[in-house]
Amino acid sequence: MLVLDVDGVLTDGGLWTTESGEVIKRFDVRDGLGIRLLQQAGLEVALLSGGKSGATKQRARYLGIHHCVTGVKDKVAALGALQRELGVNPEQTAYVGDDLNDLAVRPVVGLLIAPADAVAPLRRQADWVLSRRGGDGAVRGLAEAILQARGLWTPLAGKGWRERND
């Protein structure tokens with residue numbers, strides 16, 4: 001299972017707020033295609049966010065992500081509940097986060113991953129620091145690396161992909 005924080009991983013961490021209080025976020029469409037390719041390859045992808053924005057749930061719906069947990073105060077507890085629900089143990093869980101609240105999940109994941117612009121304490125303890133910044137193709141780069149390791153990237157790179165790219 002691949003669990004993604006949202007703000008700072010799928011977005012650049014910035015938030016726009018309208019006069020009516022609506023929060024607007026910018027997502028990178030390349031990350032979306034990376035997620036879709038990982039799902040096609042059989043990986044369970046979940047979103048776990050402390051934020052409460054409806055934009056996150058909408059993005060999850062667009063991408064067919066069935067497990068989108070928002071408004072989380074305790075990421076360790078929320079991640080543990082998700083692992084139990086899906087029957088996934090910590091060694092089978094990779095987590096991508098960018099800040100100190102994401103560092104707390106270190107003991108309950110097999111692989112801790114950080115975007116290039118994550119906070120220094122997280123980057124130091126991460127198993128893998130991605131070459132791209134959050135919201136700028138970091139998840140897409142991760143997806144390509146996973147697909148390459150599984151031998152699934154070369155056919156995609158040669159023939160392309162024909163499904164929707166939300």
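**A parallel sheet and its neighbours**

Strand β7 (residues 111–114) pairs with β8 in the parallel sense over two bridges; two strands count as paired if DSSP finds at least two bridges between them. Strands (E, at least two residues) and helices (H or I, at least four) are DSSP runs, numbered from the N terminus. The model is predicted, so local features need pLDDT of at least 70 and side-chain atom pairs count only at pLDDT 80 or more, while totals for chains, interfaces and linings use all residues. Residues are numbered from 1 along each chain as its sequence is written, and side-chain values use heavy atoms, with hydrogens and water left out.

Strand β4 runs parallel to β1, joined by three bridges, and leucine 4 has leucine 47 in β4 as its bridge partner. Strand β4 also pairs with β5 in the parallel sense over three bridges, and the partner of leucine 48 in β5 is valine 69. From β4 the chain crosses through helix α2 (residues 54–63) to β5, a right-handed β-α-β crossover; right-handed means that, with the strands pointing away from the viewer, the path from the first strand over the helix to the second runs clockwise.

In a regular strand the side chains alternate between the two faces of the sheet. On β4, Val45 and Leu47 on one side and Ala46 and Leu48 on the other are all buried (under 20% relative accessible area, 1.4 Å probe, protein chains only).

How values were computed. Buried means under 20% relative accessible area, exposed over 50%, partly exposed in between (1.4 Å probe, protein chains only).
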